[in-house]
Amino acid sequence: MKPLLVLLALLPLGLAYYKLESAIDPIKMLYNYTGIGAITLLLLSLLPSTCKRICGVNFLRYRKTIGLLSFAYALLHVSVFVVLDSELDFVTIFEKSLKKPFIYIGLIAFVILLLMALTSFKKLFAKLSKYHKAVYIALALALLHSFWAQKVAGVFEYSVIAVGVVLLGERVWAWKALHVKTF
Ligand code: HEM
């Protein structure tokens, strides 16, 4: 099942590769595919525990794979910025970031995802799993970043915000219910 999940998640990349030659602005297209891929998978990585609480279905074993796939997309997204768009020129990277502060927000989200990916392996995860709650900060920052990056927000931006608010809201509700019960 996990290999199928990886294959499905990588399909958009295959599509991006196929469309690359005919794209009017290939770099923008790559930002689009990798950014949307990262944020969609990040939202999907929250679904297994929501499913378990609400309908009792246990998909928790796929959570790490989905999270790592989201990180892989985020890494490609950052590589588009550093390698393709800025041609590894650190002065350009610095200047672009000064002009577009939403890049700093994306950078913080990326660093959180990187730390989570590095500590997602068994031994470290056992010690540091409580810090993985930082995924909520990463998600909130990634939502802000993608919203801010657009001149005009469209259906995708409003949809991810709505799904993000529902998933985070359900967690707050579940947390409150647990604390009222155990009080
Ligand atoms: C160092 C980290 C990051 C950098 C430098 C960066 C850079 C950018 C840039 C320059 C754009 C605008 C592209 C355009 O011209 O349309 C953008 C858009 C976007 N970014 Fe990031 N980003 C970073 C991290 C992230 C992360 C961690 C996520 C998600 C988890 C993300 C998701 C998005 C999304 C969804 C868009 C909008 C894509 C679209 O609809 O075209 N970014 N990013």
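Reader: Why is Tyr136 called partly exposed?

Author: Its relative accessibility is 27% in this predicted model. Buried would need a value under 20%, and exposed a value over 50%. Tyr136 falls in between, so it counts as partly exposed.

Reader: Where does Tyr136 lie, and what is it in contact with?

Author: Tyr136 lies in helix 8. Setting aside neighbours within four places in sequence, its contacts are Leu46, Leu168 and Arg171. Take Leu168: it is 32 residues from Tyr136 in sequence, yet their C-alpha atoms are 7.6 Å apart in space.

Reader: Now Thr65. What makes it count as buried?

Author: The cut-off for buried is under 20%. Thr65 has 15% relative accessibility, so it counts as buried. Thr65 is part of helix 4, and it is in contact with Lys2, Leu5 and Val6, leaving aside neighbours within four places in sequence.

Reader: Which residues make the contact, and how many of them are nonpolar, polar or charged?

Author: From helix 4 come Leu68, Ser70, Phe71, Ala74, Leu75, Val78 and Phe81, while helix 6 brings Ile103, Phe110, Leu113, Leu114 and Ala117. Sorted by class, there are 11 nonpolar residues, one polar residue and no charged ones.

Reader: Which residues touch the most other members of the largest nonpolar core?

Author: That core has 28 residues, and Leu41, Leu42, Leu113 and Leu139 touch the most other members. At least two residues each are supplied by helix 2 (26-44), helix 4, helix 6, helix 8 (135-149) and helix 9 (155-182). Helix 6 gives the most, with seven residues. In soluble globular proteins, nonpolar side chains tend to be buried together.

Reader: What is Leu42 in contact with, leaving aside its neighbours within four places in sequence?

Author: Leu42 is in contact with Ser70, Leu113, Val135, Ala138, Leu139 and Ala142. There is also a second, separate core of six residues, with Ala23, Met29, Leu30 and Tyr33 among them.

Notes: Residues numbered from 1 in each chain as written. Predicted model: local features only at pLDDT ≥ 70, side-chain atom pairs only at ≥ 80, totals over all residues. Heavy atoms only, no water. Contact = heavy atoms within 4.5 Å. Helix = DSSP H or I, 4+ residues; strand = E, 2+ residues; numbered from the N terminus. Nonpolar A, V, L, I, M, F, W, Y, C, P; charged D, E, K, R; others polar. Core = buried A, V, L, I, M, F, W, Y, C linked by side-chain atoms within 4.5 Å. Buried < 20%, exposed > 50% of the residue type's maximum accessible area, 1.4 Å probe, protein only.
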